[in-house]
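Good morning, and thank you for making the time.

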Amino acid sequence: MHTQVDAVFGRLEQGRLSQPPAGSFPGPSSGWEAKLPDGTMVVRSTLQDEARPLIALGADAVPSLLPWVQHANAAIRYTATFALEQITGEHPELAVFDDADRDGRARAIAVWQRWYDAHRVPRRG
Amino acid sequence: MFERGKRAGEVHGGASSRGDIAPGRSTLSQQLAAPAQHETRSEASKVSAPERRSLEGGASPDAGALPDGNAASRTVPAAGGDISIARLFPGATARKALDRDGDASGFGPPKKNGSDGGGDAAIGGAEPQQAAPQAKKKKAGVDSFTVDWAKGVIIDPTAAKLRLDYNAKFKKDDDHDPALAEFRQNAGGKWEITDGPHKGAKGSSPLADDNYSRVDDLHGNKKTDQLFYSNDNPGWGIGQLDKDDVLDYEFTAEQMVIDTSDGNKVIAKRGPHTATIKGKSPRVHGNVPKKLG
């Protein structure tokens with residue numbers, strides 16, 4: 001699971017966005033703008049689109065998503081946060097664009113971690 | 001394309017969407033919230049003390065270590081005096097009220113039971129308690145709330161954007177708590193390329209909640225802060241249109257401040273307002289600039 005999650009974020013760190021299906025014409029995007037680490041400008045709805053494959057991974061992706069909540073780049077943090085909110089239904093207090101709020105993000109991580117602990121299916125040995 | 005207005009719970013079919021907090025129920029978020037944090041935006045099932053599981057690291061940066069290394073030991077501060085504290089520990093709220101009234105010591109003059117003072121706790125069992133003063137219930141309030149519509153900041157033949165800037169200042173006094181105020185936006189629109197290389201492409205979306213909230217504060221303000229700022233940039237970015245695409249785009253949005261302590265009652269609303277972008281490059285913007293509020 002780590003590999004799949006890290007692959008998505010690794011791509012975003014390099015400014016490589018998902019490509020729409022060939023022949024399709026994209027509708028309007030929306031939301032605030034933010035820069036990916038490479039300087040590529042993206043909008044909120046684009047990051048939500050990028051989070052969709054992560055959301056599709058379901059609860060098993062939660063541990064792999066958590067470290068990305070503390071990423072130095074706000075757009076990366078938002079993508080991880082959005083995916084975690086959608087998977088868990090938990091929306092902890094979080095100021096995504098406050099770069100210095102590491103403690104706040106740590107508290108949010110704790111919320112999602114506890115959700116994961118409570119909902120994961122025990123593995124049978 | 002991620003559909004505008006898709007609510008949280010609809011994406012995966014499991015988790016509930018924001019703004020649907022059942023009264024009287026607390027979420028993990030609430031239980032772990034910082035002292036000044038009040039409401040979270042979702043409902044989640046209650047969790048019994050879970051097995052502590054260390055965060056997994058991996059190749060990613062800054063694995064999310066907890067500040068105290070032990071989330072399970074975190075306690076809810078007793079001095080919050082807010083909604084979440086009241087839900088979790090009703091007594092704490094009463095105590096807060098006593099503190100406020102200058103009777104926090106518990107060593108004041110003895111209170112008599114009944115009008116004749118003849119009560120006898122030794123005989124009658126537990127001493128009847130006076131009703132604790134109710135803590136004043138705060139609510140959300142708005143000092144100012146503006147929405148500025150304008151042309152998009154990108155000027156490019158292959159782009160077509162609008163720009164909305166949201167600024168709010170929430171009341172903070174004995175009756176009002178900024179943390180109880182939330183921001184919402186309903187947005188929708190329709191578009192069509194009526195001529196040009198992408199002729200025939202079109203789409204529409206109904207006016208619906210597009211999941212904006214105070215989490216989207218671009219200045220890093222927290223919910224306990226009085227200020228809120230965010231923006232929206234609906235449309236097409238650089239390279240998404242052809243300069244010869246003849247566009248017919250209408251975007252409609254309304255913005256609201258709601259009071260989460262009062263059933264998400266709308267306490268301030270701007271719009272709905274509709275702006276347009278039409279034609280091929282250079283395209284013509286309609287109904288902007290416009291300042292609401």
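Angles under 35 degrees count as roughly parallel, over 145 as roughly antiparallel, and 65 to 115 as roughly perpendicular, while the rest are called oblique. Please also keep in mind that what you see is a predicted model.

With that term in hand, consider one pair of helices in chain A. The axes of helix 2 and helix 4 of chain A come within 9 Å and cross at roughly 50°. Helix 2 and helix 4 of chain A are therefore oblique to each other, and their crossing is right-handed. Which residues of the two helices meet? From helix 2 of chain A, they are Leu47(A), Gln48(A), Glu50(A), Ala51(A), Leu54(A) and Ile55(A). Across from them, helix 4 of chain A supplies Ala75(A), Tyr78(A), Thr79(A), Phe82(A), Ala83(A), Gln86(A) and Ile87(A).

Let me place this pair in its chain. Chain A has five helices and two strands, and from the N terminus its elements follow the order α-β-β-α-α-α-α. Of the 125 residues in chain A, 56% are buried. Taking contacts in chain A between residues at least 6 apart in sequence, 59% join residues at least 24 apart.

I turn now to the cores. The largest nonpolar core has 39 residues, and those touching the most other members are Val62(A), Leu65(A), Ala75(A), Ala83(A) and Trp112(A). Two or more residues of this core come from each of helix 1 (2-13), strand 2 (41-43), helix 2 (44-57), helix 3 (62-65), helix 4 (74-88) and helix 5 (102-119) of chain A. Helix 4 of chain A gives the largest share, nine residues. A second, separate core holds 33 residues, among them Trp149(B), Leu164(B), Ile193(B) and Ala253(B).

Returning briefly to Ala75(A), what does this residue contact once its neighbours within four places in sequence are left aside? The contacts of Ala75(A) are Ala34(A), Lys35(A), Leu36(A), Val42(A) and Leu47(A).

Finally, chain B. Here five strands form an open, antiparallel sheet in the order 4-3-7-8-9. Strand 4 (202-209) and strand 9 (284-286) of chain B are the edges, each with a single partner strand, so one side of each has no neighbour in the sheet. From one strand to the next, the twist averages 15°. Within the sheet, strand 3 (residues 181-195) and strand 7 (residues 246-259) of chain B run antiparallel and are joined by 14 bridges. As one instance, Arg184(B) has Met256(B) in strand 7 of chain B as its bridge partner.

Conventions:
Residues are numbered from 1 along each chain as its sequence is written. Chains are lettered from A and ligands numbered from 1 in the order in which they are written. This is a predicted model: local features need pLDDT of at least 70, side-chain atom pairs count only at pLDDT 80 or more; totals for chains, interfaces and linings use all residues. A nonpolar core is a set of buried Ala, Val, Leu, Ile, Met, Phe, Trp, Tyr and Cys residues joined through C-beta atoms within 7 Å. A residue is buried if 20 or more other C-beta atoms lie within 10 Å of its own, exposed if 12 or fewer, and partly exposed in between; C-beta atoms are placed from the backbone. Helices (H or I, at least four residues) and strands (E, at least two) are DSSP runs, numbered from the N terminus. Two residues are in contact if their C-beta atoms, placed from the backbone, lie within 7 Å. Two strands pair if DSSP finds at least two bridges between them. Axes are lines fitted to C-alpha atoms, for helices over the stretch in contact, and angles run from 0 to 180 degrees between N-to-C directions. A crossing is left-handed if the near helix is turned anticlockwise from the far one by less than a right angle, and right-handed if clockwise.
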